[in-house]
Amino acid sequence: MNQFISPKKIYHGEGSLGKLTEILQEYSNKSVFLLTDPMLKELGVIEPVLQQLEQHRIDVHLSTNVIPEPSLDVGNQVVDEIRKSKAGLVIGIGGGSALDLAKAAAVLTENDGFVGDYLNLNGRKKFSNRGIPKVLIPTTSGTGAEVTDIAVFSLEDTKDVITHEFLLADYAIVDPVLTYTLPPRVTAASGIDAFTHALEAFTSINATTITDTLALEAMRNIAGSIRTAVWNGSDKLAREQMALGSLLAGLSFYNAGVAGVHALAYPLGGLFKLPHGESNAVLLPYVYDDIWPACIEKLVKVADIFKLSSEGKSDRQLAQDVVKSLLDLVQDVGLPTTLDSYNIQRKDITILAENGIKQKRLLNRSPKPFTIGTIEKIYLNALEGKLTNC
């Protein structure tokens, strides 16, 4: 038996931000905690949200206490802010970090303790209360955080997560208009992140017919539009396809799970503070260079998305061509394809591998098991930019 979980309601497409008015009417809250990235406030991106709140005469507690790859300290600060605000509704608007902070804090505000008490690897507490309602509004096409129950936090040398059904949004609003001004590098990194979500969900051992359908469509949308979105950001159709692709990928990976790429990306973010999307991008080809023999049948279907010719080729050769296409995709959108580009050195591989192997929650979903030796090899190949199995 399989199940599929999603937020209570998802609005998507151009103009969907206007649905916030109906949501505000439903909850009838006179006090809202609005969490956003400081740059979005400075650029005026959140003005349409503020205007709707003002129209409903709602008292707004605005916080810009958001940083990329947030630490436990930042998470605890946001929890403390929400508790003091006495707000009855949380709205998170921004990238994945803003959304993760918003949903975690919305739950923690009505539970004992702080972020570290509920972490996957080291937490000891269990949630007893659902927390207050939350509306999540992404401004990038990549993380899928608006439709998952996962909140990621940076530790000293790796990352850990809070994951619980209570973190799932009550409403998610995915309006591509909010992504129209994203700069090329953010568009590229978030887009490859979304593609990775879809591909890892598609090859996950927990994949189902529903998640496969979503993942394939997500990859088709992203692969067909990411280059245009990066290099011609004013192309609205490309932006719309990216936003939809990211949403579908998020729904897919939330239910099927991600695996090796994300597991090995966490130490890069923890130790070297690489942005999450770029961590996934630089590892994506090299992880699949190792695991492709365990998911040939799935990768043959991905070959069609990359428009790869199958004439005269075996399924094995086609799967290898997909791995090469992953490397091409990362290169085409202007992202680094080697760890050396981030000043990571050979001496760092041991600690990276030691931290990567700890991510059992993710690694256990891979179609091919990982060993410490395998992980070291993947990091080394990523350091040197070598596909050794293709």
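Author: Start with Lys 307. Its relative accessibility is 73%, so Lys 307 counts as exposed (buried means under 20% relative accessible area, exposed over 50%, partly exposed in between, with a 1.4 Å probe and protein chains only). This is a predicted model, where local features need pLDDT of at least 70, side-chain atom pairs count only at pLDDT 80 or more, and totals for chains, interfaces and linings use all residues. Residues are numbered from 1 along each chain as its sequence is written, and side-chain values use heavy atoms, with hydrogens and water left out.

Lys 307 sits in the loop between α11 (296-305) and α12. Helices (H or I, at least four residues) and strands (E, at least two) are DSSP runs, numbered from the N terminus. The phi of Lys 307 is near 60°, a positive value in a residue other than glycine.

Now follow the chain into helix α12, residues 315-332. Its axis comes within 9 Å of the axis of helix α10 (residues 276-291), and the two cross at roughly 170°. That makes α10 roughly antiparallel to α12. Angles under 35 degrees count as roughly parallel, over 145 as roughly antiparallel, 65 to 115 as roughly perpendicular and the rest as oblique. The axes are lines fitted to C-alpha atoms, for helices over the stretch in contact, and angles run from 0 to 180 degrees between N-to-C directions.

Which residues meet in α10 and α12? From α10 come Ala 281, Leu 284, Pro 285, Tyr 286, Tyr 288 and Asp 289. From α12 come Val 323, Leu 326, Leu 327 and Val 330. Contact means heavy atoms within 4.5 Å. By class, the residues of this contact are nine nonpolar, no polar and one charged. Here Ala, Val, Leu, Ile, Met, Phe, Trp, Tyr, Cys and Pro count as nonpolar, Asp, Glu, Lys and Arg as charged, and the others, Gly among them, as polar.

Is Thr 196 buried or exposed? Thr 196 is buried, with a relative accessible area of 0%.

Yet Glu 69 counts as buried, at 18% relative accessibility.
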